[in-house]
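Here are some notes to read alongside the structure. Take the points in order, and keep the 3D view open as you go.

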Amino acid sequence: LLQQSKLVTIEYDGVSMEFDKNKYPWVWSPSIDTLLITKRLKDKDLSQYTSLIEVWSGPWFIAKYLWEKNPKLKNITLTDINPNAKKYFEDNYVNKERFSFKLGDATDYLDNNKADIVVCNPPYIARPYSIDDNAYEWLYLINYLLRNASTFLTDKGKLFINISSL
């Protein structure tokens with residue numbers, strides 16, 4: 001089971017990644033949700049797009065998948081509030097010229113940047129009062145992305161959000 005293993009290996013459509021939960025604590029590891037959104041993205045023709053922002057990227061399998069499947073993606077920005085997600089990026093990034101990582105509130109970054117594709121696979125476990133200690137957890141982030149998409153997407157831009165209730 002994914003939840004019981006310390007080392008998570010995810011592979012889909014020829015793209016793979018290993019993630020060690022112990023080495024990067026509190027970073028959400030790839031899960032079935034990651035595969036679900038990636039499977040949906042596989043069917044999309046995104047070949048005309050050149051920029052991508054992955055919000056709440058964690059170990060950024062979705063961005064890696066899109067990058068490997070779309071050689072025109074030249075500017076890929078990953079965002080997360082967890083310093084261990086940035087550490088994972090620094091330990092495993094694949095292309096300095098194409099990838100960057102922004103640590104902190106993605107909404108601050110999105111307020112000042114645009115992309116052709118913005119993708120988000122937010123946590124799906126809601127807790128009472130989660131807004132008090134983790135504004136990203138659950139509805140705040142989804143609400144922000146839906147309400148403000150026109151400000152951070154290019155004219156041809158696409159927003160992909162996986163909303164799950166596993």
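Predicted model: local features only at pLDDT ≥ 70, side-chain atom pairs only at ≥ 80, totals over all residues.

1. A search of the whole structure for aromatic pairs turns up twelve. One of them joins Phe19 and Tyr24: the ring centres are 5.8 Å apart and the planes lie at 25 degrees, so this pair is stacked. The cut-off behind that word is an angle under 30 degrees. Phe19 counts as buried because its relative accessibility is 0%. Tyr24, with a relative accessible area of 4%, is buried too.

2. Now go back to the residues of the opening point. How are the rings of Trp60 and Phe99 arranged? Their centres are 5.3 Å apart and their planes are at 50 degrees, so the pair is tilted. This pair also links distant parts of the chain, as its two members are 39 residues apart. Trp60 sits in the loop between strand 3 (51-55) and helix 2 (61-69), while Phe99 belongs to strand 5 (residues 99-103).

3. Phe19, Tyr24, Trp60 and Phe99 belong to one aromatic cluster, together with Trp67, Tyr88, Phe89 and Phe101.

4. Next, the nonpolar cores. The largest one has 31 residues, and those that touch the most other members are Leu41, Leu52, Trp60, Leu66, Ile76, Leu78 and Phe99. At least two residues of the core come from each of strand 1 (7-12), strand 2 (15-20), helix 1 (32-42), helix 2, strand 4 (75-80), helix 3 (83-92), strand 5 and strand 6 (115-120). Which element gives the most to this core? That is helix 2, with six residues. Apart from this core lies another, of 15 residues, including Val55, Ala106, Ala115 and Phe152.

5. The buried ones are Phe61, Ile62, Ala63, Lys64, Tyr65, Leu66 and Trp67. Notice that Lys64 is on that list.

6. Six of its six residues are buried, so strand 6 is largely enclosed by the rest of the structure. Strand 6 runs parallel to strand 3, and four bridges join them. Strand 6 also pairs with strand 7 (residues 153-161), again in the parallel sense, over five bridges. You can follow Ile117 across: this residue of strand 6 is the bridge partner of Leu52, and its bridge partner in strand 7 is Lys158.

7. Finally, step back to the protein chain as a whole. The chain has six helices and seven strands, and along the sequence they follow the pattern β-β-α-β-α-β-α-β-α-β-α-α-β. Of its 166 residues, 47% count as buried. Among contacts with a separation of 6 or more, 64% are between residues 24 or more positions apart. The accessible surface comes to about 9000 Å², and carbon and sulfur atoms hold 49% of it.

Conventions. Residues numbered from 1 in each chain as written. Heavy atoms only, no water. Phe/Tyr/Trp six-rings, centres within 6.5 Å; stacked < 30°, edge-to-face > 60°. Buried < 20%, exposed > 50% of the residue type's maximum accessible area, 1.4 Å probe, protein only. Core = buried A, V, L, I, M, F, W, Y, C linked by side-chain atoms within 4.5 Å. Contact = heavy atoms within 4.5 Å. Areas by Shrake-Rupley, 256 points an atom, 1.4 Å probe, with all protein chains shown as cover. Pairing = 2+ DSSP bridges.
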